[in-house]
Amino acid sequence: MASGFSRALFWILVIGNIIGAIFGFTYWYGSQLLSSSLKLWIFIATCPLYATLFIVCALLVWFKKKNSIIFYLTSIGLVKYGLWTVIFWINYTGQPLNNWLFLWLVGSHAVMALESIILFSRIEFKPWFIVAGWLWFA
């Protein structure tokens, strides 16, 4: 794969995102999703959504397909929800530092933010992407 996206890194990230997405959709957001209207799901489980979108983007990269708008929106979402979650959990005083769930959440969401670099370097940016990003995240 081009530009340092090795086979081992690809599989580590894809498997990690599959685990994170399943964990997020079931354990973390499962009860909220089940008690909400299907049309609201996209707004509820944001972190697992972007983990899933990263899998889609990674597969596009793997198969040498380009979709700059999906890469762009996914990259923004990975940074937004990755950094927000890290900042939130580091500042949340009710969670002890040695808790495995705390470490998993902070670590996995930091990796989400870093994954955006893989996608961002593959974006053939167009000015209308800014408008699309504002509309998508508004």
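Analyst: Thr74 is buried, with a relative accessible area of 2% (buried means under 20% relative accessible area, exposed over 50%, partly exposed in between, with a 1.4 Å probe and protein chains only). This is a predicted model, where local features need pLDDT of at least 70, side-chain atom pairs count only at pLDDT 80 or more, and totals for chains, interfaces and linings use all residues. Residues are numbered from 1 along each chain as its sequence is written, and side-chain values use heavy atoms, with hydrogens and water left out.

User: Which helix is Thr74 found in, and what does Thr74 touch?

Analyst: Thr74 is in helix H5, residues 68–91. Helices here are DSSP runs (H or I, at least four residues; strands are E, at least two), numbered from the N terminus. Leaving out residues up to four places away in sequence, Thr74 touches Tyr50, Leu53, Phe54, Cys57 and Leu119. Contact means heavy atoms within 4.5 Å.

User: OK, switching to H4 and H6. At what angle do they pack?

Analyst: About 35°, and the axes of H4 (residues 46–62) and H6 (residues 100–120) are 11 Å apart. The axes are lines fitted to C-alpha atoms over the stretch in contact, and angles run from 0 to 180 degrees between N-to-C directions.

User: Which residues make that contact?

Analyst: From H4, Cys47, Tyr50, Phe54 and Cys57; from H6, His109, Met112, Glu115, Ile118 and Leu119. By class that's seven nonpolar, one polar and one charged. Ala, Val, Leu, Ile, Met, Phe, Trp, Tyr, Cys and Pro count as nonpolar, Asp, Glu, Lys and Arg as charged, and the others, Gly among them, as polar.

User: And Ala132, what does that one touch?

Analyst: Ala132 lies in helix H7, residues 128–137. Ala132 touches Ile69 and Leu73, again not counting residues up to four places away in sequence.

User: Last one: what pLDDT does the chain average?

Analyst: The average is 90, and 93% of the residues score at least 70; pLDDT is the predictor's confidence in each residue, from 0 to 100.
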